[in-house]
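Let me look things up one by one and jot down what turns up.

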Amino acid sequence: MGKIIIILFLLSLVACSPQGYRFSGNIDSEFYSEQTGNLKEILALHELNAEYALLIASDGIAVLISEPSFPRIEIYLDAKKISTRSEFLPPVSNLNDLSEIVIYNWKHPVVDRQTPFSLRLLELQFLGESSLNGHLVRKYQLSE
Amino acid sequence: MRYFTAFLILACWSALHSLTIIDDGREISISLEELRELEQIEIITEREDERGVRIENWQGVLLSEIFTHYGIDNQAPLKFNSYDGYQVRIKVEEYQEYPILIALQRDGKNYEEDDLRLVIPGMRDMFWMQAVKIIRTENYRESTPPYYILFAEDLLSGMEVAFEPEPFRNVQGYYLAEMLSLVYPFQQDEYFLIGRDGVSHQLEFQMYLKNAVLVAADDGGYTLQGGDIPYGMWIKDIAYIQCYDRAIIFREQFRDLDEVGQLLEWENLPEHLHTEDGSRIGIDIEFSEPVWKDSGIFRWVR
């Protein structure tokens, strides 16, 4: 009986777990979104001012893009997973299973020379930079 | 024991290789013996210091000869690092204009494996180097204009002045890391920095910049110095900092954006920059005009 309750409890946790991807970083409070479409429009929909967005996939691969690239990247639903794609930005911008978008805005308070965005970036290892059509995209990986 | 043996082998192997060239991901280790097998040339230089004029006779291998021998077709700027952390950058034009010598000998006296010299007759000796360790070919982004532009004077005006910032005495200034933290999230990255006289460096934040200080000079400019930046690499009248697509301009060093573009060799300038509220400021308006002050962040929209 005890085992069944534990299994039911775990199943309920899975069922209740937030869907979509998380918005975090230099914003007032974190939240989850399932919104798909172009990143610029999604940010506008959530009333988020961003200069940089760090898109992190569930496998730990991340890309950092700047404001001019926001309209060029699409967040879409792909086989029950939310992914990103762009035909205009470097191919590294195509992420499978997006889990988090970390927002940078320079007006966010800086405490001990850090913001939530810069602290999150410190958890990642810089892998390289790639450029296409005048857009520069930086690739990172979550450090082990 | 196994680890100790591996360490010993690695240490011995490293000791046998005096110079490393990194070109487009390819790493080439070259020993002193291998350098001696290449064509040796002799260069006589004259340098003036407080003791008078020094005439020196250098013997070694031209970098172009080393590149040819190892199949490196260099069209990129070069970065040199020494064993003691000194770093210099050479532009493509400078590489093509000046003979760059890896000196194995001076005035008939041989240098040790880990003490080879970088000698560039025609360039100031701050570009010369002792104990050259790594030569890296790389594509800098210095000519890639930024998207975001901020002004240093506006950032510094909101910061606390540091009196006698460590390790300096009788000076005042600002901690660079504090200014960078206000506008950059990148703390594990390289920053491009250039002085008004054109001396520039691409420096890693963690290795060189985290303890650096902007020391106020009497003429209103700032010298970037200290912390972990070797003395010869200090930047007098620092004028511009860029990382990724974000730049800080020291407004007092320039008349207008056109002058910034000339220093950085930007090919095209915009007609105007966009302010945060969406208004436009023509780039022909001089930096001394109030419209540039305390306006926050500007965008160079293409």
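Entry 1: I began with strand β16 (residues 213-216) and strand β17 (residues 222-225) of chain B, which run antiparallel and are joined by four bridges. I noted how strands are named: helices (H or I, at least four residues) and strands (E, at least two) are DSSP runs, numbered from the N terminus. Two strands pair if DSSP finds at least two bridges between them. Across from B:Val213 I found B:Gln225 in β17(B). β16(B) and β17(B) make a hairpin with five residues between them. In the turn, B:Gly220 has a positive phi of about 95 degrees.

**A note on the model.** This is a predicted model: local features need pLDDT of at least 70, side-chain atom pairs count only at pLDDT 80 or more, and totals for chains, interfaces and linings use all residues. Residues are numbered from 1 along each chain as its sequence is written, while chains are lettered from A and ligands numbered from 1 in the order in which they are written.

**Entry 2: a sheet in chain A.** Next I traced an open sheet of seven strands in chain A, with the order β2-β1-β8-β4-β5-β10-β9 and mixed pairing. I reminded myself that strands of a sheet pair through backbone hydrogen bonds, either parallel or antiparallel. Which strands are at the edge? They are β2 (31-33) and β9 (124-132) of chain A, and each pairs on one side only. I then looked at β9(A) and β10(A), which run antiparallel with eight bridges joining them. A:Glu129 has A:Arg138 in β10(A) as its bridge partner.

**Entry 3: where the chains touch.** I counted residues in the contact and got 18 from chain A and 16 from chain B. Two residues are in contact if their C-beta atoms, placed from the backbone, lie within 7 Å. On the chain A side, α3 (116-122) and β10 (135-142) each supply at least two residues. α3(A) gives the most, with four residues. That side of chain A divides into ten nonpolar, five polar and three charged residues. Here Ala, Val, Leu, Ile, Met, Phe, Trp, Tyr, Cys and Pro count as nonpolar, Asp, Glu, Lys and Arg as charged, and the others, Gly among them, as polar.

**Entry 4: two domains in chain B.** Last, I checked the domain assignment of chain B, which gives domain 1 (16-137) and domain 2 (148-299); such bounds come from an automatic or database domain assignment. Six residues from domain 1 of chain B and six residues from domain 2 of chain B take part in their contact.
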